[in-house]
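The tour goes from selection to selection.

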Amino acid sequence: MTEREFWNDAYRQNAGHVVVPDRLIASLVAHLPTGSALDVGCGTGTNALYLSGYGWRVTGVDWSEHAVFLAERAAFVAGVQPRFEVADAATWNTRRRFDLILILYALPAGGQAAPMIRNTARTLKPGGTIFIADWDRSMADPWGFDPCELHDPAAIVEMLPDLAVKEARVRVVDDMFPSDDPRGVNGSRARIAVVRAQRPVG
Ligand SMILES: C[S@@+](CC[C@H](N)C(=O)[O-])C[C@H]1O[C@@H](n2cnc3c(N)ncnc32)[C@H](O)[C@@H]1O
């Protein structure tokens, strides 16, 4: 099974257990003027819908057709109009440029994350912000993962092209998962590797 098929299957089985409850975006975007946003690995579009509701012009990209189907349906129901595309973010090609790029819990394992980050970061406008959040490597132990599958802030920074790093740290979030979510089985506290960077102007 390819990774793409894995995600499609996961969404078909229980999309609610794939989507990651957001705990970070509100504080990130509160001080940013609205503009164009790219949500990389957007899943069922929860974050894209959130931004759309605040006036952002959002493009969501995910390689799972089923996730994009669910995202388009959710946008229709919510009455907002983000644009969604089915594509591999590591090779996706666009001439559009964005004020904000989000990559939330969507990084592939290890060094495979670099092509996704580099290919999407090149679409960042001068002065624009890229925000990456993913499970910190220290979560490998409680979750029984190989540490190589996860990232820490320093490793993510190394994958960024020429951008000014504004934040690179581990944020601890309590009550990450609802009580019926199997991802919270070893405790609902999550350690999240967060990197925020800007493309310099000029
Ligand atoms: C854990 S889900 C997170 C979804 C969403 N960002 C969220 O915060 O709920 C990871 C998503 O990344 C997508 N993804 C992983 N690698 C991808 C790639 N190379 N191109 C496009 N989407 C990818 C998966 O299909 C999946 O929808």
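Two residues are in contact, or touch, if their C-beta atoms, placed from the backbone, lie within 7 Å. That rule is needed at several stops. Residues are numbered from 1 along each chain as its sequence is written. The model is predicted, so local features need pLDDT of at least 70 and side-chain atom pairs count only at pLDDT 80 or more, while totals for chains, interfaces and linings use all residues.

**The whole protein**

Show the cartoon of the protein, which has seven helices and seven strands. Both are DSSP runs numbered from the N terminus: helices are H or I with at least four residues, strands are E with at least two. Along the sequence their order is α-α-β-α-β-α-β-β-α-β-α-α-β-β. The radius of gyration is 16 Å, close to the 17 Å that the globule rule gives for 202 residues, so the protein is as compact as a globular protein of that length. This radius is taken over C-alpha atoms, and the rule is 2.2 Å times the number of residues to the power 0.38. Taken along the principal axes, the C-alpha atoms fill a box of roughly 45 × 40 × 35 Å.

Of the 202 residues, 35% count as buried. A residue is buried if 20 or more other C-beta atoms lie within 10 Å of its own, exposed if 12 or fewer, and partly exposed in between, with C-beta atoms placed from the backbone.

**Helix α4**

Select residues 65–78. This is helix α4, with 14 residues. From first C-alpha to last it reaches 20 Å, close to the 20 Å expected at 1.5 Å a residue; the expected span is 1.5 Å times one less than the number of residues.

Which residues of α4 are buried? They are Ala67, Val68, Leu70, Ala71 and Ala75. They cover an arc of only 160° around the axis, which puts them on the same side of α4. The arc is that of the directions from the helix axis to the C-beta atoms. An α-helix has 3.6 residues a turn, so residues three or four places apart point the same way.

Now colour α1 (3–14), α3 (46–53), β2 (57–62) and β3 (83–86): the buried residues of α4 pack against these. Turn to the face away from the buried side to find the exposed residues Arg73, Phe76 and Val77. Just after α4, glycine 79 has a positive phi of about 75°.

**Helix α5**

Next, select residues 113–121, helix α5, where Ala113, Met116, Ile117, Thr120 and Ala121 are buried. Seen down the axis of α5, these fall within an arc of 110°, so they line one face of the helix. Their cover includes β1 (36–40), β4 (98–104), β5 (124–135) and α7 (153–159).

Zoom in on isoleucine 117, which is buried, with 25 other C-beta atoms within 10 Å. Not counting residues up to four places away in sequence, isoleucine 117 touches Ile103, Met159 and Leu160. Valine 40 is 77 residues away along the chain, yet the two C-alpha atoms are separated by 9.1 Å.

**Arginine 95**

For contrast, select arginine 95 in the loop between β3 and β4. Is arginine 95 buried or exposed? Arginine 95 is exposed, with 5 other C-beta atoms within 10 Å. Aspartate 175 is 80 residues from arginine 95 in sequence and 39 Å away in space, C-alpha to C-alpha.
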